[in-house]
Structure formats: structure tokens, C-alpha cells
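Please examine the structure shown below. The report that follows begins with one local site and then turns to the chain as a whole.

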Amino acid sequence: MADTAQTAPARLESAVVLRTLATVLVIVVHTTHWPKASVVYDDLDALSRLAVPAFMVLTGVLLSYRQGDDTLDAAEFLGRRLSRSLLPWLAWAPFYTLTAWFVTGDTTHDLSGVLGFLSYGAGHLWYLLLIPQMYVVYLVWPRRRLWWWAGAAMLVQTMLCVYRLYGPMPVEAMNQFFLWHGFQLLPFWIGYFAVGVAAGQALDGRGEPQRIHWGAVAAVAAVAAISGVAIIAISYTSAPHGGFATGTGGFLLPQEPLFVVSVAVLVWLTGATLMRRGGALASVTRLLSRYSLGIYILHPIVIHAIASPLSAILNVPLPLSLVGFVVITVSGLAVAAVLSVLLSATALAPTIGASRRSLPWRGGSRAAPHPSSG
């Protein structure tokens with residue numbers, strides 16, 4: 001993306017916080033399935049699926065915030081961003097296909113199993129195929145009346161998510177589009193993208209709060225809490241296609257947008273102030289944000305390696321299983337982060353969407369880091 005502005009917009013500290021929160025929640029989504037089955041972990045999994053919608057909002061924010069009304073050079077815009085999404089997918093899809101065959105058992109041992117695994121994005125890497133769709137759409141997305149377009153897009157997204165649960169599917173093509181592959185397709189996420197684009201333009205002129213307004217925080221936190229309860233309480237077991245409201249389909253619940261947007265606003269209200277206070281927490285938040293894409297790519301195999309030997313701790317009833325859960329979550333995040341830092345210091349940095357840079361503890365940087373989204 002060509003930067004034609006004389007002064008680059010200030011860094012959005014709340015974006016750093018939101019990216020880190022989403023990164024941590026992605027880890028939680030995958031670690032909740034390791035302990036002995038419990039409604040506690042089911043609910044935690046449902047709430048943690050805020051992660052990917054938050055990444056979608058964040059990407060829209062950063063695209064619009066950085067670009068503003070400038071004319072895009074489509075080739076440069078897509079070239080830079082696809083190198084941070086499609087290139088990592090091409091690099092890691094073979095690895096995770098082999099992992100699914102030999103380690104996790106996520107694919108059958110035949111060609112159809114491998115092709116099926118790849119058709120669904122190669123496990124969690126499906127997200128790397130979703131983001132490029134946003135980049136292409138952004139090239140033609142309106143630059144005026146963005147909140148109107150955001151409302152229309154969110155309405156379309158919600159209608160599609162409701163239809164996939166309750167609507168008739170008279171032909172197989174509809175099954176494939178709505179049920180089996182809906183989570184991989186932008187129409188089912190278009191509202192999050194549009195809200196992010198509108199918010200990014202608004203923030204370009206407004207920036208972030210200089211202090212925490214506790215009344216606003218309390219009001220938004222109440223909305224987040226109520227909508228979070230709705231995520232847990234509303235069940236689709238009686239819906240004709242209710243089975244698709246779990247797993248990756250759990251990202252596409254019709255009641256999810258209010259929860260996602262309220263949490264994002266809550267981070268905007270508080271994130272910049274908290275980051276300005278500095279300290280270890282701010283430093284860790286920045287590091288996790290900087291290497292978020294690498295953490296996203298690497299964490300499943302890391303968690304598998306850590307959790308497999310801990311089955312004795314994980315398969316005991318609550319509350320003891322929480323010990324194992326916390327161990328695999330924290331250690332999985334930490335190890336994935338360290339591996340991302342190490343890879344970024346090698347020629348393999350582009351495979352995790354990063355520019356090559358020196359190790360943080362050695363000081364210096366070979367190149368300015370690319371953001372992991374936007």
C-alpha cells in the first residue's frame with residue numbers, strides 16, 4: 001500500500017491490545033478440548049470464539065485507518081498483503097497435512113482424505129485463505145457512508161448465519177456454501193469487516209481516549225456481559241442444521257456480533273491508557289501482538305506436543321483439570337511465541353508473515369516488522 005500521507009497516523013494502541021487478546025483466545029479455543037469434557041470448557045470455548053471475528057474487525061480497522069481516502073495501487077496493495085497470508089498458507093499447509101496424517105489423525109490415509117483436508121483450508125490455516133478475500137473486497141469497498149454500509153453488511157451476514165441453521169437446502173451446492181464451507185467464505189464475515197472499515201475511518205480523525213471514562217466502560221461491559229451470556233445460553237440443537245453451530249460453525253452464531261463489537265469497543269476505551277502505563281504487561285502485550293500471526297500458525301502442533309503427555313492431569317474432574325488446562329494454555333502460548341521470535345530471525349520469517357528481524361534480546365532490527373493483519 002502506497003503511503004501518500006505526509007504524516008503517518010499514530011499507532012492504535014487499542015489495536016495492539018485487541019490483537020493480543022484475540023491471539024490468546026485462539027489458543028484457548030484449542031486448549032479447551034484437551035481436558036475432560038465439562039460444560040465449563042464448552043462455555044469457555046464458545047466465548048473464546050470471539051477471537052477470529054475480532055481479527056476480522058481489526059483487519060478492517062487497520063486497512064481503513066492506514067489508507068484513509070487515498071487511491072490504492074491495487075497491485076502493490078495485494079502483493080504486500082497476500083505475501084502475509086497466501087505465502088504462509090503455501091508454506092505450512094504441507095506441514096500440517098503431514099501432521100494430520102502421522103500425528104493427530106485428522107485425515108484418513110488416502111488421497112481423498114488429504115484433498116478433503118486441504119479443501120477445508122488445512123486445519124486451522126483456513127483463516128489464511130479467508131483474509132485475502134477481505135483484501136480483494138477492500139479494493140472495491142465504498143469510501144463514503146461507511147457506517148451505513150456496515151449496517152447493511154452486518155444485516156446480510158446475520159441473515160446468512162440464520163439461514164445456514166434454519167433454511168432449507170434443496171440442492172447440494174447450498175449445503176456446500178452454507179454449511180460445510182461457509183466459515184471459509186467472506187459473505188459470512190462481511191459485517192465484521194465492514195464495521196472494522198467504518199471504525200478505522202472514524203478513528204483516523206478521532207484517535208483513542210486519553211483517559212478511561214469509567215461510566216462508558218461500565219455500560220459497554222454490561223452489554224458485553226449480557227451478549228456473552230447469550231452466546232452461552234442460546235442453543236441451536238432444535239434447528240434443522242444445529243450441528244453446524246459447533247466447531248468452526250461456532251464462529252458464525254447469529255448472536256455473536258454484539259459480543260464481538262462490545263468487547264472491541266471496551267478494548268478501545270481502555271487499551272491505550274493501559275498500554276501507556278508501560279511495565280511488563282505492556283511489553284508482553286506488544287510482543288504477542290507483533291508475533292501474533294506466527295503464534296496463530298504454530299500453536300496447534302505446540303499444544304499437541306505439550307498436552308499429549310499430560311493426559312493424566314487433563315482427564316481428572318474439575319477443579320483439578322484446571323491446573324492442566326492452565327499449564328497447556330500458558331505454555332502453548334509461550335512456546336509458540338518463542339518459536340515465532342526465533343523463526344523471524346531467520347530466512348523463514350516470510351513463512352509466518354514477518355519481515356526478518358534480529359532477536360529482541362540482541363537489540364536492533366534488520367527490517368521494520370509487518371503487522372500481522374491489515
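## The site at His181

The side chains of His181 and Gln184 are joined by a polar contact of 2.5 Å. A polar contact is a pair of N or O atoms within 3.5 Å; within protein, one must be able to donate a hydrogen and the other to accept it, and residues adjacent in sequence count only if both atoms are side-chain atoms. His181 lies in the loop between α9 (172-180) and α10 (190-206). Leaving aside residues up to four places away in sequence, His181 touches Ser119, Tyr120 and Gln176, where contact means heavy atoms within 4.5 Å.

His181 has a relative accessible area of 17% and is therefore buried (under 20% relative accessible area, 1.4 Å probe, protein chains only).

## Basis of the model

This is a predicted model, in which local features need pLDDT of at least 70 and side-chain atom pairs count only at pLDDT 80 or more, while totals for chains, interfaces and linings use all residues. Residues are numbered from 1 along each chain as its sequence is written, and side-chain values use heavy atoms, with hydrogens and water left out.

## The chain as a whole

The protein chain contains 16 helices and zero strands; these are DSSP runs, of at least four residues for helices (H or I) and at least two for strands (E), numbered from the N terminus. The C-alpha trace spans about 55 × 55 × 45 Å along its principal axes.

Of the 374 residues in the protein chain, 50% are buried. Among contacts between residues at least 6 apart in sequence, 79% join residues at least 24 apart.
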